[in-house]
Amino acid sequence: MSTPLGVGGLLLVILGLAVAPTLTAQDRPPAVTDSLVERGFAVFHGPGGCASCHGRRGLGSEIGPSLRDREWARGAGTYEEILERVIHGVPRTETKTGEPMPMRGVAELGDGDVRAVAAYVWHVSRPRS
Ligand code: HEC
């Protein structure tokens with residue numbers, strides 16, 4: 001019962017399986033869920049104090065760089081790198097403005113809030129189609 005259509009269909013399925021993992025890897029990482037991005041928005045503009053330096057919605061200010069311009073001072077802006085940056089901050093000696101970025105935001109965020117705010121930054125820093 002192997003018709004040409006059947007073989008083609010099977011090929012499509014195999015191709016789909018081969019391509020799917022690559023697409024998800026380029027797309028949002030599994031750690032970045034809608035609800036985490038939403039919580040991260042609140043942390044960014046609230047207890048994290050991120051907006052006071054990086055501007056509302058991460059658009060940047062005189063103190064902190066834009067997080068949406070697709071330019072990263074360090075690394076390529078992966079979720080893991082953003083997470084590391086939020087956890088460790090940036091010492092004053094390493095920033096362009098001489099203004100340090102505090103570790104875990106201004107309110108010493110817990111792990112859940114740190115992950116959420118990193119998910120929010122990942123989300124707003126991706127190019128919009
Ligand atoms: C007191 C100001 C200040 C606060 C508060 C602050 N940042 Fe920053 N942030 C900076 C500065 C300054 C840099 C480094 C810019 C440079 O490299 O010259 C930076 C760098 C970053 C980077 C890396 C940018 C890049 O181009 O590689 C990320 C991501 C980031 N901050 C996210 C956050 C998040 C999320 C929060 C809140 C939890 C936060 N920041 C709070 C000032 C701040």
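Is His-54 buried or exposed? His-54 is buried, with a relative accessible area of 11%; here buried means under 20% relative accessible area, exposed over 50%, and partly exposed in between, with a 1.4 Å probe and protein chains only.

The model is predicted, so local features need pLDDT of at least 70 and side-chain atom pairs count only at pLDDT 80 or more, while totals for chains, interfaces and linings use all residues. Residues are numbered from 1 along each chain as its sequence is written, and side-chain values use heavy atoms, with hydrogens and water left out.

## The chain

The protein chain has 5 helices and 0 strands. Helices (H or I, at least four residues) and strands (E, at least two) are DSSP runs, numbered from the N terminus. Read from the N terminus on, the elements follow the order α-α-α-α-α. The chain has 129 residues, of which 28% count as buried.

## The iron site

The iron atom of the ligand has two protein donors, His-54 through NE2 and Met-101 through SD, which lie 2.0 to 2.1 Å from the iron atom. Donors are N, O and S atoms within 2.8 Å of the metal (3.2 Å for Na, K and Ca); water is not among the atoms, so sites may look incomplete. The site has 6 donor atoms, with angles of 82 to 179° among them, and is octahedral. Six donors count as octahedral if opposite donors are over 155 degrees apart and all others between 65 and 115. Ideal angles for six octahedral donors are 90 or 180 degrees.

His-54 lies in helix 3 (residues 50-54), whereas Met-101 lies in the loop between helix 4 (79-88) and helix 5 (111-125), so the pair ties together parts that are 47 residues apart in sequence. Met-101 is partly exposed, with a relative accessible area of 24%.

## Around the ligand

The ligand is surrounded by 25 residues, and the closest are Cys-50, Cys-53, His-54, Ala-73 and Met-101. A residue is near a molecule if one of its heavy atoms lies within 4 Å of it. A nitrogen atom of the ligand is 2.8 Å from an N or O atom in the side chain of His-54. For oxygen atoms of the ligand, the distance is 3.2 Å to an N or O atom in the side chain of Arg-74, and 2.8 Å to a polar backbone atom of Lys-96. Helix 3, helix 4 and helix 5 are the elements that give two or more residues to the shell around the ligand. The largest share, 3 residues, comes from helix 3.

## Positive phi in a loop

Most residues other than glycine have a negative phi. Arg-57, in the loop between helix 3 and helix 4, has a positive phi near 55°. Arg-57 is partly exposed, at 42% relative accessibility. Arg-70 is also found in the loop between helix 3 and helix 4, and its phi is positive, near 65°. Arg-70 is exposed, with a relative accessible area of 56%.

## Two buried serines

Ser-66 lies in the loop between helix 3 and helix 4 and is buried, with a relative accessible area of 19%. Ser-125 is found in helix 5 and counts as buried at 4% relative accessibility. The table gives polar contacts of their side chains. A polar contact is a pair of N or O atoms within 3.5 Å; within protein, one must be able to donate a hydrogen and the other to accept it, and residues adjacent in sequence count only if both atoms are side-chain atoms.

| Side chain | Backbone atom | Distance |
|---|---|---|
| Ser-66 | nitrogen of Arg-68 | 3.0 Å |
| Ser-66 | nitrogen of Asp-69 | 3.4 Å |
| Ser-125 | oxygen of Val-121 | 2.9 Å |
| Ser-125 | oxygen of Trp-122 | 2.9 Å |

## Pairs apart in sequence

Met-103 lies in the loop between helix 4 and helix 5 and is exposed, with a relative accessible area of 56%. Met-103 and Gly-89 are 14 residues apart in sequence, and their C-alpha atoms are 4.2 Å apart in space. Thr-78 is found in the loop between helix 3 and helix 4 and is partly exposed, with a relative accessible area of 32%. Thr-78 and Arg-28 are 50 residues apart in sequence and 9.8 Å apart in space, C-alpha to C-alpha.

Definitions and conventions:
Tetrahedral: all angles 85-135°; square planar, octahedral: opposite > 155°, others 65-115°.
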